[in-house]
Amino acid sequence: MINILFAARPASWARYEAPLRKALGAAGLEDFNLSTDIAPQDVDYIVLAPNGPVQDFAPYTRCRAVLNLWAGVENVVGNRSLTQPLARMVDEGMTQGMVEWVTGHVLRHHLGMDAHIHGQDGIWRNDAPPLAQNRPVTILGLGALGSACGRALAGLGFDVTGWSRSAKDIPGIRCLHGDAGLREALRTAQILVLLLPKTPETENLLDAQALAQMPQGAFIINPGRGPLIDDDALLHALDTGHIAHATLDVFRVEPLPPDHPYWAHPSVTVTPHVASETRKDTASEVIAENIRRSEAGEPLLHLVDRNLGY
Ligand code: NAP
Ligand code: GLV
């Protein structure tokens, strides 16, 4: 019997129980006990939401892996009680959702849609937008999400540059890395998309100095994590017009407090961490596949590097 603890908020259990049971069965795992209530010493796997009930992993002495329901692991990776392997979520449904969200917001700014949606004032301004091939878009982070968004934007014809920690070769994307690569990625970024994880290395990556390297009138789209941006520096860059607009999905404090200046700023679009959520059916298949792999002695998918923090 494999004991699988589902450790997330109660509403998630209602959504995930049936798809997880189905996926575990489809993976050939017949003899399992999936529950929100298993004695810690009996748990073999934890399906985890980092904001759920399990914060101390020490009592889970026989747990073979912790399987995160979220892509981001910043709230669990530094947990000193966590000694078990940790896998993050890479879910094709979530990836598709992120591609749709990022593409939509890039196209909004590329086409200057706001001018027509909000500016219907009787004046015929017929300045046509450039073609995508003349619009440089930079994506910081070329992982599961950043690379998929980059490919989709390249497929639409955008001039896509990406930046990551390690060197990459992705067709259709000019791939850069390192400090010099970041400078070049920022220098050309008329539209900048942040899809980096939050780690000690990426916190405040987009500070005053980095913002100053971007072209005048650039747009920023952040579905990554709030702490990637120095908020005061961004507000200043928006006030001076150096940055034309920021579309922000993630924040240092969530929900974003009602009195935060982002809410009222005319050059900021706030979306409430909805860029892309984990999708229950496809994510359940990933969880089941990892349990199957573990039981078969095969390496887990999407293991987190505890030293790198993602
Ligand atoms: P991932 O596959 O782990 O990719 C992370 C990317 O960031 C990789 O390309 C990595 O470089 C790069 N990176 C990490 N540290 C770096 C550094 N110090 N310098 C340069 N590049 C660095 O992660 P993912 O699945 O694409 O997800 C990215 C983030 O999106 C998550 O961590 C989460 O914060 C966010 N997210 C948000 C939502 C939402 O709804 N808003 C939904 C899901 C995820 P290498 O490729 O060289 O390792
Ligand atoms: C959402 O932000 C996630 O990390 O899955």
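**A parallel sheet and its helices**

Seven strands form an open sheet, ordered E8-E7-E6-E9-E10-E11-E12, and their pairing is parallel. E8 and strand E12 (268-270) stand at the edges with a single partner strand each, so one side of each has no neighbour in the sheet. Neighbouring strands here are turned by 15° against each other on average, direction ignored. This is a predicted model, in which local features need pLDDT of at least 70 and side-chain atom pairs count only at pLDDT 80 or more, while totals for chains, interfaces and linings use all residues. Residues are numbered from 1 along each chain as its sequence is written, chains are lettered from A and ligands numbered from 1 in the order in which they are written, and side-chain values use heavy atoms, with hydrogens and water left out.

**Some terms to start with**
- Helices (H or I, at least four residues) and strands (E, at least two) are DSSP runs, numbered from the N terminus.
- Two strands pair if DSSP finds at least two bridges between them.
- Strands of a sheet pair through backbone hydrogen bonds, either parallel or antiparallel.

- E6 and E7 pair in the parallel sense over five bridges, and Thr138 has Thr161 in E7 as its bridge partner.
- From E6 the chain crosses through H4 to E7 in a right-handed β-α-β crossover (with the strands pointing away from the viewer, the path from the first strand over the helix to the second runs clockwise).
- E7 is mostly covered, with five of its six residues buried (under 20% relative accessible area, with exposed over 50% and partly exposed in between, using a 1.4 Å probe and protein chains only).
- E7 and E8 run parallel and are joined by five bridges; Trp163 stands opposite Leu176 in E8.

**Helix H4**
- H4 (residues 144-155) has twelve residues and reaches 17 Å from its first C-alpha to its last, close to the expected 16 Å (1.5 Å times one less than its number of residues).
- Its buried residues include Leu145, Cys149 and Leu153.
- The buried residues of H4 pack against helix H2 (92-111) and strands E6, E7 and E8, where contact means heavy atoms within 4.5 Å.
- Just after H4, Gly157 takes a positive phi of about 105°.

- E10 (residues 218-222) and E11 (residues 243-248) pair in the parallel sense over five bridges, and Asn222 stands opposite Leu248 in E11.
- H2 lies across E6, E9, E10, E11 and E12, running at about 160° to E11 (axes are lines fitted to C-alpha atoms, for helices over the stretch in contact, and angles run from 0 to 180 degrees between N-to-C directions).
- Helix H7 (residues 231-240) packs on the sheet and touches E10, E11 and E12, with its direction at about 135° to that of E11.
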